[in-house]
Amino acid sequence: MKRIRTEELSMPAGMHRIKITMSFPLRWVNSYILTEPDGKVTIVDPGPRTAETEQEWHEALAGLGLTLQDIHQIVLTHHHPDHLGLSGWMQQLTGVPVLMSARSREEANYMWGPGASIEVRLPEYYLLHGMPQCKTTEIKEHMQTFLSQITPLPEVTLAADGEIVRMGGKAWIAVETGGHAPGHLSFYAPESKEILCGDAVLPQISPNISLQPGSDPEPLQSYMDSLHRLNALAVERAYPGHRNPFTRFTERTAELLAHHEERLAKLTERLRESPANAYSICLYLFGDRLGTHQLRFAMSETLAHLQELIRRGVARQEQQPDGIIYFYHQ
């Protein structure tokens with residue numbers, strides 16, 4: 001078993017970044033350890049659950065002279081497996097509270113709670129939008145692989161927008177935003193002008209914005225509204241869920257807004273040429289060499305952008321006699 005390395009370079013006192021292994025292409029998720037002056041430890045986004053990541057946490061904590069029993073609370077930015085996954089396992093071993101928003105808990109239960117059927121609903125949704133059945137079968141099998149990464153789900157203590165959460169000797173304000181994940185919480189420390197931003201703002205890649213059945217019906221609008229809200233914060237140091245901590249937070253939010261406007265313009269031009277279903281547009285945007293995991297993200301992101309064009313009155317959708325939904329320029 002390889003040893004996980006704690007990343008202390010340029011991190012403030014009492015805060016450590018831990019790179020926890022996850023699947024390609026991201027390869028790792030940033031988890032954070034924040035230690036109070038009295039030694040109490042907060043874990044932010046512990047990562048997906050596998051035998052490897054359990055061992056990584058034992059080794060990372062030992063490297064800092066800590067054990068699981070030193071953990072005081074676990075804080076989750078959102079419900080995705082690479083962030084929530086190990087929280088239930090850690091809670092079982094320690095009995096500590098796991099904080100997340102009410103909407104995040106709702107989404108987690110919708111995805112993986114008792115009676116959840118997203119592994120059926122999502123492929124059926126993609127079929128309506130032109131994806132071949134061979135691909136939707138692969139996606140159904142792929143969705144089932146996440147169960148082991150999030151089992152058991154934690155018992156949740158709710159954290160609300162505007163609530164103050166103490167971590168690492170600082171008061172962090174919970175800032176709820178949507179788009180990447182409904183109910184996503186970032187945590188802003190106004191005195192030090194720092195933000196734990198999860199996947200709301202990433203320094204080098206654009207966070208995935210997905211339209212999924214049963215979730216936010218207009219996720220791109222939610223995300224762009226969120227970026228405007230985050231852009232108003234005075235941030236000098238940002239700690240993201242992926243890639244490295246960064247300083248250009250305000251500039252990055254503006255870049256992400258511009259990126260989505262450019263993609264919407266590209267889709268508008270495509271629909272002016274001819275009507276198309278979402279799957280063909282997905283291939284137009286992202287190419288035809290995507291793996292199953294990437295295809296799921298690309299398809300739902302395509303649908304999110306198409307829905308935003310409908311919201312703006314630029315496009316409309318119409319179901320054809322064969323059952324496939326096509327998008328038209330208005």
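**Exercise 1. Work out where glutamate 54 sits, whether it is buried or exposed, and what it touches.**

Step 1: Find the element. Glutamate 54 is part of helix α1, residues 51-63. Helices here are DSSP runs of H or I with at least four residues, strands are runs of E with at least two, and both are numbered from the N terminus. You're looking at a predicted model, where local features need pLDDT of at least 70, side-chain atom pairs count only at pLDDT 80 or more, and totals for chains, interfaces and linings use all residues. Residues are numbered from 1 along each chain as its sequence is written, and side-chain values use heavy atoms, with hydrogens and water left out.

Step 2: Check the burial. Buried means under 20% relative accessible area, exposed means over 50%, and partly exposed is in between (1.4 Å probe, protein chains only). Glutamate 54 has a relative accessible area of 19%, so it is buried.

Step 3: List the partners. Contact means heavy atoms within 4.5 Å. Skipping neighbours within four places in sequence, glutamate 54 is in contact with Arg49, Leu86 and Trp89. With arginine 49 there is a side-chain polar contact of 2.6 Å. (A polar contact is a pair of N or O atoms within 3.5 Å; within protein, one must be able to donate a hydrogen and the other to accept it, and residues adjacent in sequence count only if both atoms are side-chain atoms.)

**Exercise 2. Find out which residues of helix α10 are buried, and how they are arranged around the axis.**

Step 1: Pick out the residues. In α10, residues 278-286, the buried ones are Ala278, Tyr279, Ile281, Cys282 and Leu285.

Step 2: Look down the axis. These residues cover an arc of only 160°, which puts them on the same side of α10. The arc is that of the directions from the helix axis to the C-beta atoms. Here's the handy rule: an α-helix has 3.6 residues a turn, so residues three or four places apart point the same way.

Step 3: See what lies over them. The cover includes α6 (133-144), α9 (249-273), β13 (276-277), α11 (292-311) and β15 (325-329).

Step 4: Inspect the ends. Just after α10 comes glycine 287, with a positive phi of about 85°.

**Exercise 3. Decide how α10 and α11 are oriented relative to each other.**

Step 1: Get the geometry. The axes of α10 and α11 come within 9 Å and cross at roughly 110°. Axes are lines fitted to C-alpha atoms, for helices over the stretch in contact, and angles run from 0 to 180 degrees between N-to-C directions.

Step 2: Classify the angle. Under 35 degrees counts as roughly parallel, over 145 as roughly antiparallel, 65 to 115 as roughly perpendicular, and the rest as oblique. The two helices α10 and α11 are therefore roughly perpendicular to each other.

Step 3: Name some contacts. Among the residues making this contact are Tyr279 and Phe286 of α10, and Leu295 and Met299 of α11.

**Exercise 4. Describe the surroundings of asparagine 208.**

Step 1: Asparagine 208 is in the loop between β11 (194-198) and α8.

Step 2: Check burial. Its relative accessible area is 12%, so asparagine 208 is buried.

Step 3: Follow the side chain. The side chain of asparagine 208 reaches the backbone oxygen of phenylalanine 297 at 3.1 Å. Not counting residues up to four places away in sequence, asparagine 208 touches His180, Phe297 and Glu301.
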